[in-house]
Amino acid sequence: MLGVGATMGLPQVLEDLGFNPREVLSDAGLDPGLFDDPDNVISYTARGRLMDHCVARTGCRHFGLLVGQRGDLHSLGLVGLLVRYSPDVGTALRNLVRHFHLQFRGAAPTLHVDGGTAILGYQVYQRRAAATDQVGDGAVAVMFNILRELCGRDWKPTETWFAHRKPEDVKPFREFFEVFLRFDADQYAVVFSSSWLERPLPEVHPDVRRLVEKQIDALDARHGEDFPEQVRAVLRATLATGNAHAERVAALFSMHHRTLSRRLNEYGIGYQELVDETRFEMARQLLNDSDLAVSEIALMLHFADARSFIRAFRRWSDATPAHWRATQRALRRTGAVWRGRRTSANRPFHFG
């Protein structure tokens with residue numbers, strides 16, 4: 001679940017496009033009053049389906065981008081406050097990455113610094129998520145707004161990345177970001193000079209910061225039971241960089257890899273099962289949203305070669321990547337949705 005605050009701009013975007021927000025929400029099977037209160041929640045899956053519905057209803061292929069343009073730190077609630085009250089931009093972004101899961105599920109931000117380049121990314125890990133391209137576009141716009149809010153109007157990225165094929169109309173993207181646009185990327189991200197990470201933020205009263213930190217700690221304790229969800233979020237980022245070894249992931253949680261496995265087993269799931277699950281989800285998103293070749297996707301997911309990737313994908317889905325992509329595109333033309341392999345009990349396929 002996630003708060004609707006992250007997409008509070010959706011009703012206004014519908015109005016700007018000439019549609020009645022309450023009517024569109026009702027047609028999507030949602031409470032028309034959903035966006036009346038930023039504390040209301042919606043599942044990640046339902047939000048994706050709503051995005052798909054809005055795109056189909058309005059005919060606007062950059063609908064997610066327009067919604068994201070209205071997002072900022074305020075839309076992130078308590079986590080946004082902690083980010084704003086950090087001592088510098090680098091600490092602010094690390095706080096965003098570390099605590100994002102407390103209020104938003106199904107995706108996770110990442111921060112990677114390599115010399116003079118910083119990459120603030122957004123990784124979707126929700127299984128069978130809908131409208132990942134629309135949600136991803138919106139996330140890049142929100143990250144852009146957050147960085148400009150933290151760094152000031154002089155800040156400007158060097159690139160923006162989108163993990164989907166180049167749209168027919170790139171003008172809305174060019175007008176908003178005004179930088180190089182990279183499509184068919186391995187993630188959604190904003191790339192900028194790492195020198196901005198050292199920029200100090202306005203000081204706040206220590207008591208105010210401590211109060212926010214105390215509330216964050218309380219949320220952290222409350223969500224301690226969601227350990228597999230936290231591992232999924234970390235895995236999506238580490239798989240993208242080829243660092244998904246159990247020892248590496250366990251170290252990020254300050255524990256031994258055997259402790260990591262034991263804790264996951266307590267929830268009835270194994271580490272390799274999560275790795276396969278996450279890899280499959282990433283593969284499906286790249287096959288569905290991008291025009292990358294199967295060999296390129298295999299490389300991005302750190303398989304030894306394309307044949308290894310094809311064998312794994314066939315094991316997960318009973319189909320080759322090429323056949324799955326062709327089938328998915330055919331289903332999309334007819335408005336249907338691929339639901340994955342079924343067991344004899346008619347349940348969605350579960351890794352094991």
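Thr58 is found in helix H3, which spans residues 44–58; helices here are DSSP runs of H or I with at least four residues, strands are runs of E with at least two, and both are numbered from the N terminus. The model is predicted, so local features are reported only at pLDDT of at least 70 and side-chain atom pairs only at pLDDT 80 or more, whereas totals for chains, interfaces and linings use all residues. Residues are numbered from 1 along each chain as its sequence is written, and side-chain values use heavy atoms, with hydrogens and water left out.

Is Thr58 buried or exposed? With a relative accessible area of 18%, Thr58 is buried, because the class covers values under 20%, with exposed meaning over 50% and partly exposed in between (1.4 Å probe, protein chains only). The side chain of Thr58 has a polar atom 2.7 Å from the backbone oxygen of Cys54. A polar atom of the Thr58 side chain also lies 3.1 Å from the backbone nitrogen of Cys60. A polar contact is a pair of N or O atoms within 3.5 Å; within protein, one must be able to donate a hydrogen and the other to accept it, and residues adjacent in sequence count only if both atoms are side-chain atoms. Leaving aside residues up to four places away in sequence, Thr58 touches Leu14, Leu17, Phe19 and Phe63, where contact means heavy atoms within 4.5 Å.

The text now turns to charged pairs. Side chains of opposite charge can pair when their charged atoms come close. A salt bridge is defined as a side-chain nitrogen of Lys or Arg within 4 Å of a carboxyl oxygen of Asp or Glu, and by this rule the count comes to nine salt bridges. In one of them, the side chains of Arg22 and Asp36 meet at 2.8 Å, N to O. Arg22 lies in helix H2 (residues 21–27) and Asp36 in the loop between H2 and strand S2 (41–42), so this pair ties together parts that are 14 residues apart in sequence. Arg22 is partly exposed at 42% relative accessible area, while Asp36 is exposed at 54%.

Helix H3 also takes part in such pairing. The side chains of Asp27 and Arg57 form a salt bridge of 2.6 Å, N to O. Asp27 lies in helix H2 and Arg57 in helix H3, so the pair ties together parts that are 30 residues apart in sequence. Asp27 counts as partly exposed at 47% relative accessibility, and Arg57 counts as partly exposed at 27%. Another salt bridge joins Glu149 and Arg84, whose closest N and O atoms are 2.8 Å apart. Glu149 lies in helix H7 and Arg84 in helix H5 (residues 77–84), so the parts tied together here are 65 residues apart in sequence. The relative accessible area is 34% for Glu149, which is partly exposed, and 32% for Arg84, also partly exposed. Salt bridges that share partners join Glu23, Asp27 and Arg57 into one network.

Aromatic side chains supply a further set of pairs. The structure holds 15 aromatic pairs; rings of Phe, Tyr and Trp (its six-membered ring) pair if their centres lie within 6.5 Å, and planes under 30 degrees apart count as stacked, over 60 as edge-to-face and the rest as tilted. The rings of Phe144 and Phe177 have centres 5.4 Å apart and planes at 85°, so the pair is edge-to-face. This pair links distant parts of the chain, with Phe144 in helix H7 (residues 132–151) and Phe177 in helix H8 (residues 171–177), 33 residues apart. Phe144 is buried at 2% relative accessible area, and Phe177 counts as buried at 1%. Phe303 and Phe309 form a tilted pair, 5.3 Å centre to centre with 50° between the planes. Phe303 is buried at 12% and Phe309 is buried at 0%. Ring pairs also link a cluster whose members include Phe144, Trp155, Phe162 and Phe177.

At the level of the chain, there are 16 helices and seven strands. The radius of gyration, taken over C-alpha atoms, is 20 Å. The globule rule, 2.2 Å times the number of residues to the power 0.38, gives 20 Å for 352 residues, so the chain is as compact as a globular protein of that length. Buried residues make up 52% of the 352 residues.
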